[in-house]
Amino acid sequence: MTSLLGERAPAQAPAQAREQAREHAVRARVAELEARFGDPTDPANPVGYTALLEADRAAVPFAAGEALLDDFRIADEYVPHALGGRLDGMDTLVRIMRPVFRRDVGLAMGHGMTTFMAASDVWTAGSSRQRHWLAGLLRDGGKAAIAQHETAHSNDFVRSQVTARRNGDGYLISGGKPMVNNLERAGALVLFCRTDPAPGSGSHSVLLLEPGQLTGARAAVTARRTPVGLRGCRFAGVEFDDCPVPGSALLGPEGSGITTALRSFQISRTVIAATAVAALDTSLRTAVRFDRERSGGWQTGGRDGGRTGAALTSAFVNLLLYDALAVVATRALHLLPAETSVYSAALKYLLPRVLTETMYDLSIVLGSGLYTREGTLGIFQKHVRDVPVLSLGHAGTVACQATVIPQMPRLARSSWFVEDEAPAGLFRLHGDLPPLRTERLSLACGRDSLSATMLAVAAGIDGAGPVERALRTLADGLVGELRDVRRRVLALEAAGAAGTARPARFALMDRYALLLAAAAVLGLWDQARYGPDPFLADPSWAAAALHRIARRLGTRVADLPAECETRIRHEVQLRFSTQISYDLYSTPIPG
């Protein structure tokens, strides 16, 4: 059986040595990329905030940043080991891309992640010839584009108006895709189109095309558009008029397009949502820097000092609880591929909510500085415009709801409070992972072992201190919330598909997504509490995260112990002073 990432190391190799070697290699690449980018706040840095904001104002790609990534050979990170690249796991890719997202979401998407999204379809469904061809293109510095959606139909990508009908040994393509990132400079185009007019799961197919061969009267690139966010990305459209393409362009069997797309969505939506944490990291860091420069240190007195400190800790807790689900969803691609459809959708669903709440918290600190477009503060305003774009497209809110809601009755019947807990490796930040086998990614499997972990950890929380007691109480309350969600889901199913029940299903999905985040927090804390990181081992962050989730769910909960917030406030300042990232990986960063 083939693997997306290649075969594992020899079985006789000690697992611990293999894990340490992998972790060392990942840290070295992350450190190298951070060092190449340097301190982004230095005005003289050619790839710092000053330079990238100039490119953003001009609505052009950030040329200096792209040159740096090309020199780093970032495209090798998108190509599996088996095809000559460096991709050995999706957790590795997330960690490599976070330094890029931390600085410029537009650079990360325009230069790289759009290519990775297109490549994911090829690694998932392509023939050996197609895989090797694309791998060669990317490793030679080429880019790929992906054309799935049409603005008229947004998330409803199966209503494609681009058709490909049989013509001898090939196809004739008609119709258009109005918004395709990197189309004008792509050496490969992954095109989603209808090949059968009849409705059903076999109505669509995927084609792998070479845009350079589509010139002429039968295929035309339409005018480039400049969006509000991701201004440096190159969006253009393409129109086909009975454009002939060879039959060899078919990616996977004819009629397999929907299955291919839904499987690759699980990969791309997870990776992109997980890397978005880095943009929140920069936003928090910018607010801390602003507060320090304004007050000469963290304000603890005065009329607004307590409110400012609370806003910063609140943003940090938001980032941590979201990153917990991001880590789990990314590792689930390898360890629990059949269950990933739910976890990846829940992660992407929570992205706009976490973003909105975090930016609101930080706006309290920045005040009118929120609107600054230049200097160090300018990067905050840029992230405010750029990050929401990540929650649109194929993995927008509606698409994520449509993925999870139909699965909830089956989960309620046969998984919640029945399933065994998830493997411990799902919650280890640096643990080894088996190869990703895309054929095991399921569209719906009826299992959720992450929720089972919440039950197991909640039952084993010990300690007599006030923070441990608070964590135990919060965990028990969230277990009760899951029990209530299960009861309500089953009641709705028993009542039938009445129209009045539909809003309730959306509300229950919202609660379920938050409970998955809570389960991820508990699983990560449980694995870390005897580990080397004193902050992650401390129950304070987990209690604060569960407290935030419980309040979002509308549960009345007691205030956290004072030492809990003090510990988190101290960590916010410590990480800023020692130049450590605010995510769960605690990565050394410049600036």
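Analyst: Let us begin with burial, where buried means under 20% relative accessible area, exposed over 50% and partly exposed in between (1.4 Å probe, protein chains only). Here, phenylalanine 316 and phenylalanine 535 are both buried. This is a predicted model: local features need pLDDT of at least 70, side-chain atom pairs count only at pLDDT 80 or more, and totals for chains, interfaces and linings use all residues. Residues are numbered from 1 along each chain as its sequence is written, and side-chain values use heavy atoms, with hydrogens and water left out.

User: How many aromatic pairs does the structure hold?

Analyst: Rings of Phe, Tyr and Trp (its six-membered ring) pair if their centres lie within 6.5 Å; planes under 30 degrees apart count as stacked, over 60 as edge-to-face and the rest as tilted. The structure holds four such pairs. In one of them, phenylalanine 316 and phenylalanine 535 are stacked, at 5.8 Å centre to centre with 25° between the planes.

User: Why does this pair tie together parts that are apart in sequence?

Analyst: Helices (H or I, at least four residues) and strands (E, at least two) are DSSP runs, numbered from the N terminus. Phenylalanine 316 belongs to helix H9 (residues 302–335) and phenylalanine 535 to helix H17 (residues 534–537), so the pair ties together parts 219 residues apart in sequence. Ring pairs also link Phe316, Phe535 and Tyr582 into a cluster.

User: Which residue lies over the face of phenylalanine 72?

Analyst: A charge sits over a ring if NZ of Lys or CZ of Arg is within 6 Å of the ring centre and within 35 degrees of the ring normal. Arginine 86 lies over that face, 5.3 Å from the ring centre.
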